[in-house]
Amino acid sequence: MKERPRHPFIPPPRQDTVRRELTVLLREENLTVRELSGLVGIPEKEVLEHLEHLRTALHGRLDMTPPRCLECGFSFQKRERLKKPGRCPVCHSGRIIDPSFTIG
Ligand SMILES: [Zn+2]
């Protein structure tokens, strides 16, 4: 038996289905983009795009626990962007704890 099963073609989930899934997860827990990416099965970049959309659609009910520097404890309180920052502005460390999200 040399025949191998072919990978079935899985159509990409429709945008609103993914968004609903993310909403359900975020109502239950506080999750990072990486965790959401793993749970829903889409790239982190797409999770961010959906979160941007949800933030607008939910009129501010999307709560972000700001990213925090692991070295000096600096918290990115005023950050508007959802993406994790590359470096700490205080100590320039790259060890940043991911922001996490929930729906209040
Ligand atoms: Zn720092």
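Welcome! Keep in mind that the structure is a predicted model. The chain has three helices and five strands, and along the sequence these follow the pattern α-β-α-α-β-β-β-β.

**Two histidines in loops**

- Is histidine 92 buried or exposed? Its relative accessibility is 53%, so histidine 92 counts as exposed, the cut-off being over 50%.
- Histidine 59 is found in another part of the chain, in the loop between helix H3 (44-57) and strand E2 (62-65).
- Histidine 59 also has a positive phi, of about 50°, and is likewise not a glycine.
- With a relative accessibility of 72%, histidine 59 counts as exposed.

- Helix H1 covers residues 15-28, which makes 14 residues.
- The buried residues in H1 are Val18, Leu22, Thr23 and Leu26. They lie on the same side of H1, because they cover an arc of only 140° around the axis.
- Turned away from that buried side is a face of H1 that carries the exposed residues Arg20 and Glu28.
- What covers the buried residues of H1? The cover includes strand E1 (31-32), helix H2 (33-40), H3, E2 and strand E5 (100-103).

**The zinc site**

- Which protein atoms are the donors of the zinc ion? They are the SG atoms of Cys69, Cys72, Cys88 and Cys91, lying 2.3 to 2.4 Å from the zinc.
- Along the chain, these donors follow the spacing C-x2-C-x15-C-x2-C.
- The four donor atoms subtend angles of 103 to 116° around the zinc ion, so the arrangement is tetrahedral; for that, all angles must lie between 85 and 135 degrees.

**A pair of aromatic rings**

- A pair of aromatic rings is described by how far apart the centres are and by the angle between the planes.
- How many aromatic pairs are counted here? The count comes to one aromatic pair.
- This pair joins the rings of phenylalanine 74 and phenylalanine 76, whose centres are 4.9 Å apart. Their planes are at 75°, so the pair is edge-to-face, a label that calls for an angle over 60 degrees.
- Phenylalanine 76 counts as buried, at 8% relative accessibility, while phenylalanine 74, at 28%, counts as partly exposed.

**The chain as a whole**

- The chain has 104 residues, and 30% of them count as buried.
- Among contacts between residues at least 6 apart in sequence, 50% join residues at least 24 apart.

Definitions and conventions:
Residues numbered from 1 in each chain as written. Predicted model: local features only at pLDDT ≥ 70, side-chain atom pairs only at ≥ 80, totals over all residues. Heavy atoms only, no water. Helix = DSSP H or I, 4+ residues; strand = E, 2+ residues; numbered from the N terminus. Buried < 20%, exposed > 50% of the residue type's maximum accessible area, 1.4 Å probe, protein only. Expected span 1.5 Å × (residues − 1). Arc of directions from axis to C-beta. Contact = heavy atoms within 4.5 Å. Phe/Tyr/Trp six-rings, centres within 6.5 Å; stacked < 30°, edge-to-face > 60°. Donors = N, O, S within 2.8 Å, 3.2 Å for Na, K, Ca; no water. Tetrahedral: all angles 85-135°; square planar, octahedral: opposite > 155°, others 65-115°.
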